[in-house]
Amino acid sequence: MSGRERRQAIRRLIAGGRIGSQADLIAALAEQGVAVTQATVSRDLATLGVVRATRDGHPRYLLPDDLVGGEDGAAALRLRRLLRDLPLDIDVAPPLLILRTAPGAANAIASAIDASRMDGAVGTVAGDDTIFVACRSAPALRRLRAALESIRDATVEAVAASPTPPQEIPT
């Protein structure tokens, strides 16, 4: 099996929603007759841009497609899903919002914020676990922070009440 074919198999397995560790992935690949080492799996996960998050109380690998992409109309839902699955701390250093999240997840959240075209956000810069959100003005910074906190807090409350997150984000 080529590396490309192996990565396609990994994508299919992760898309199934049951893979939460490299050991799970190695075992699932072995069931398909694919023998791999942990180092190979680790490189493949990095190449695919896979992020590890908690979903429904269990650690799970998520594909970049699960986090970002698709049409802009789905951006609000993607942002809600991300904030459901990933931690988010919010701080300010005017004119920037500073967002801190799980290692490897910053790019996905930043892309979802950009795609959501949130009022007052000029753009984002993401590292591994930190995002800088440039804001148009001090009032825009306050509104954007409140909107993100509202999404994060409503998502936490909604997840506790129901597995289906709300569909709209306040702006």
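A crossing of two helices counts as right-handed if the near helix is turned clockwise from the far one by less than a right angle. Keep that in mind for the second view; everything here comes from a predicted model.

**View 1. The whole protein, end to end.** You're looking at 7 helices and 6 strands. Starting at the N terminus, the elements go α-α-α-β-β-α-α-β-β-α-β-β-α. The chain has 171 residues, and 40% of them count as buried.

**View 2. Helix H1 meets helix H2.** Here H1 packs against H2 (residues 22-31) at an angle of about 115°, and their axes lie 11 Å apart. Angles from 65 to 115 degrees count as roughly perpendicular, so that's what H1 is to H2. This is the right-handed crossing promised above. On the H1 side, look for Ala9, Ile10 and Leu13; H2 brings in Leu25, Ala28 and Leu29. Sorted by class, this contact has 6 nonpolar residues, with no polar and no charged ones.

**View 3. Helix H1 meets helix H3.** Now follow H1 (residues 3-15) to where its axis comes within 10 Å of the axis of H3 (residues 38-48), crossing at roughly 75°. That makes H1 roughly perpendicular to H3. H1 reaches over with Arg6, Arg7, Ile10, Arg11 and Ile14, while H3 supplies Thr40, Asp44, Leu45, Thr47 and Leu48. What classes of residue turn up in the contact of H1 with H3? There are 4 nonpolar, 2 polar and 4 charged residues.

Note on methods:
Residues numbered from 1 in each chain as written. Predicted model: local features only at pLDDT ≥ 70, side-chain atom pairs only at ≥ 80, totals over all residues. Heavy atoms only, no water. Axes fitted to C-alpha atoms, helices over the stretch in contact; angles between N-to-C directions. Helix = DSSP H or I, 4+ residues; strand = E, 2+ residues; numbered from the N terminus. Parallel < 35°, antiparallel > 145°, perpendicular 65-115°, else oblique. Contact = heavy atoms within 4.5 Å. Nonpolar A, V, L, I, M, F, W, Y, C, P; charged D, E, K, R; others polar. Buried < 20%, exposed > 50% of the residue type's maximum accessible area, 1.4 Å probe, protein only.
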